[in-house]
Amino acid sequence: MREVLEQMADGHQFYHARSPEYASTDMLPFRISPEPFYISKPEARVLGRIGQEVCSLIDATTELYETNQDVHELLDRGKPEVFQNVKTPNYLFLRPDLIITQDGFVICEIETSVFGLALADVLNRGYVEAGFDTIADTTELARHIEQTTPESGQIVYTNKTKAFAGQLAYLADKVFSGNQRDWSASHIDYQSKSEAIYRAHYLVEYLSDPDVKALYDRPDTDFETFPSITPQFEEKAILAFVWDNRFEEFYRQALGNAGFDLLRATIPPTWIVGEEQHFVLGLPNGLEKSVNISGLSSSKRKFVLKPSGFSADSSWSEGVSFLHKVSREKANDVLSRATGDSENRLYVIQAFEEGIKYPMQYEDGEETTTIQARVRLTPYFAYGEGKLLGIKATGCEGTQLIHASTASINTAVSVR
């Protein structure tokens, strides 16, 4: 299977490890399964509904941002003036990250960044080439890109995101280009001053990277960026709005009872640090402040603390703290820092939902090895219609952070 996938990758190295100890010369530096990951037909139906409702959630939140001052101030918090008072968001896709638990899918966050999209495409096309039926149409992604982006442009990455340069070059060559379309991928140092860009970097880099700052401070009117410069709608705090008593009635009306109930069933109870009084379920043990959770026993503080979005620590789970996995002293430390910083940026606390373990195989030379893996599905849904553009499954053992890495299994998804 590795040979098939590497042929699909067409010479592009899909990831360069940021840490030297994980460096690899493999085009696809992760464990490869001999088969896709299988979900049931009922799970596939729920997956499709999640795509539609996640799109509806962002649409509803856009309306709330425009009409509700509390939401407007929350989502603008910590953002430079150039990113404030944004207009309607425009994303090529929304990617809810789904952990598979005993009770079904759990949405731990909603991503809009392009990282991982190329891998999903290669996996999907590769397993189809090997004779498997996969859940995603192999032509849908390119069709969607052609319909929603200009004929030419650049996918622009930075020093922070250059580890994905190979994936981005693959996207430019194999997905964004063709049919008289001409896209390229380049470091921001080489970004043309006159054409559209797809931002393969984080907007928070505006605060630390002079090239990113210069890019978004440009006054020229011919400048197009995809996706939209709307960090407000890339905040995990939006998940907390579904559990906020101020907005419950609004979302129920906007999404309908069925849509709202589905999101409540798949988004773990979540609140914003500093907004605890609005969390509809209330904090455990009648507590009023997030920081006081640190005094509870580990069994009662099964929560995850996360930077909400516009933060240097919000990508690649760098700022995630599993409060029940650390000492009370450590929990108090991270909660105190988040509380102290909550006026400058948003933090969320989310109930911890543990993924169940699946036996997953990967190729190990001429043999196959089986691990007991927790699995994350990352489906890419077209923003607006909610149609599935691509999906991959990632399996990891020995960790709650399920991410693509040299020790993870990455594969396509099929239905049986």
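Helix α1 passes α4 in a right-handed crossing, meaning that the near helix is turned clockwise from the far one by less than a right angle. This is a predicted model, where local features need pLDDT of at least 70, side-chain atom pairs count only at pLDDT 80 or more, and totals for chains, interfaces and linings use all residues. Residues are numbered from 1 along each chain as its sequence is written, and side-chain values use heavy atoms, with hydrogens and water left out.

Back to that helix pair. The axes, which are lines fitted to C-alpha atoms over the stretch in contact, with angles from 0 to 180 degrees between N-to-C directions, come within 9 Å and cross at roughly 130°. Helices here are DSSP runs of H or I with at least four residues, and strands are E runs of at least two, numbered from the N terminus.

Here's who touches whom, with contact meaning heavy atoms within 4.5 Å:

| Helix | Range | Residues in the contact |
|---|---|---|
| α1 | residues 2-9 | Val4, Leu5, Met8 and Ala9 |
| α4 | residues 117-129 | Val122, Leu123, Arg125, Gly126, Tyr127 and Glu129 |

Now for the sheet. It's an open one of four strands, ordered β6-β5-β7-β8 with parallel pairing; strands pair if DSSP finds at least two bridges between them. Because β6 (182-187) and β8 (225-226) each have a single partner strand, they stand at the edges, with one side left without a neighbour in the sheet. Two bridges join β7 (residues 197-200) to β8, and Ile197 has Thr225 in β8 as its bridge partner.

Overall, the protein comes to 10 helices and 17 strands.
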